[in-house]
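Here is a short briefing to read with the model open beside you.

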Amino acid sequence: MSQEIKSHLFAVRTTGGQEKVVLNLLQNKIKTGSLNLLSVLLVDNLKGYIVIEAKDANAAFDALQGIRHIRGQLRGEMEFKDIEGYLVTKSTAPQIAVDNVVEIIGGPFKGMKATVTRVDNDKQEATVILLDAPYQLPVTVDSNYLKISSA
């Protein structure tokens with residue numbers, strides 16, 4: 001019988017533009033077991049901040065010591081409702097399959113039609129061959145930029 005762990009969310013201030021670096025540093029330390037954090041979250045709309053989940057404020061404070069690009073921790077805790085809207089993923093990758101004809105709706109190939117040759121759900125990418133090109137041109141595209149074509 002598993003026991004539910006009570007956790008707390010904290011906002012951590014980082015050097016501007018270094019959020020992903022800090023996120024990767026913390027994730028690697030969590031994987032090796034050298035940090036006592038439950039999770040780390042990067043929120044696109046919060047520039048200069050990441051959100052960490054820890055058992056208590058002391059565990060969060062201790063985990064952040066000595067990590068590059070961390071500028072401090074905001075006082076107090078965040079509520080789950082503050083980040084709940086960012087936790088829902090809206091990916092089209094599971095709907096896309098090999099040999100589907102798709103329309104590219106974003107990026108440099110926007111508006112072109114293509115045939116899917118490979119789908120990587122982990123990376124949320126798909127390799128497609130552009131139908132509008134004079135020769136077969138395989139291109140890897142973010143699967144969120146693809147829409148299954150009706151034609």
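Strands here are DSSP runs of E at least two residues long, numbered from the N terminus. R71, for instance, has its place in strand 4. Please keep in mind that this is a predicted model. The protein is divided into domain 1, residues 8–87, and domain 2, residues 100–148. Taken over C-alpha atoms, the centres of domain 1 and domain 2 are 35 Å apart.

- Four strands make up an open, antiparallel sheet, and their order is 2-3-1-4.
- Strand 2 (37–41) and strand 4 (70–73) are at the edges with a single partner strand each, so one side of each has no neighbour in the sheet.
- From one strand to the next, the twist in this sheet averages 30 degrees.
- Four bridges pair strand 2 with strand 3 (residues 49–54) in the antiparallel sense.
- If you look for L41, you will find that its bridge partner in strand 3 is V51.
- Helix 1 (residues 19–32) lies across strand 1 (8–14), strand 2, strand 3 and strand 4, and it runs at about 155 degrees to strand 2.

**A closer look at R71**

- Leaving aside residues up to four places away in sequence, R71 touches R13, T14 and T15.
- R71 and K113 are 42 residues apart along the chain, and 46 Å lies between their C-alpha atoms.

**The second largest pocket**

- The second largest pocket holds about 190 Å³ of space.
- It is lined by 14 residues, of which S7, H8, L9, M78 and F80 are the closest to its centre.
- Strand 1, strand 2, strand 3 and helix 3 (80–83) each contribute at least two residues to the lining of the second largest pocket.
- By residue type, the lining of this pocket has eight nonpolar, three polar and three charged residues.

- Five strands form another open sheet with antiparallel pairing, in the order 8-7-6-5-9.
- Its edge strands are strand 8 (138–142) and strand 9 (146–148), each of which pairs on one side only.
- Strand 5 (residues 101–104) and strand 9 run antiparallel and are joined by three bridges.

Notes: Residues are numbered from 1 along each chain as its sequence is written. This is a predicted model: local features need pLDDT of at least 70, side-chain atom pairs count only at pLDDT 80 or more; totals for chains, interfaces and linings use all residues. Side-chain values use heavy atoms; hydrogens and water are left out. Two strands pair if DSSP finds at least two bridges between them. Axes are lines fitted to C-alpha atoms, for helices over the stretch in contact, and angles run from 0 to 180 degrees between N-to-C directions. Contact means heavy atoms within 4.5 Å. Domain bounds come from an automatic or database domain assignment. On a 1 Å grid over the protein atoms alone, a cavity is a set of points where a 1.4 Å probe fits but cannot get out, and a pocket is an open set with protein on both sides within 12 Å along at least five of seven lines; lining residues have an atom within 4 Å of a point. Grid points are joined across faces, edges and corners, and a volume is the space filled by probe spheres set on the points. Ala, Val, Leu, Ile, Met, Phe, Trp, Tyr, Cys and Pro count as nonpolar, Asp, Glu, Lys and Arg as charged, and the others, Gly among them, as polar.
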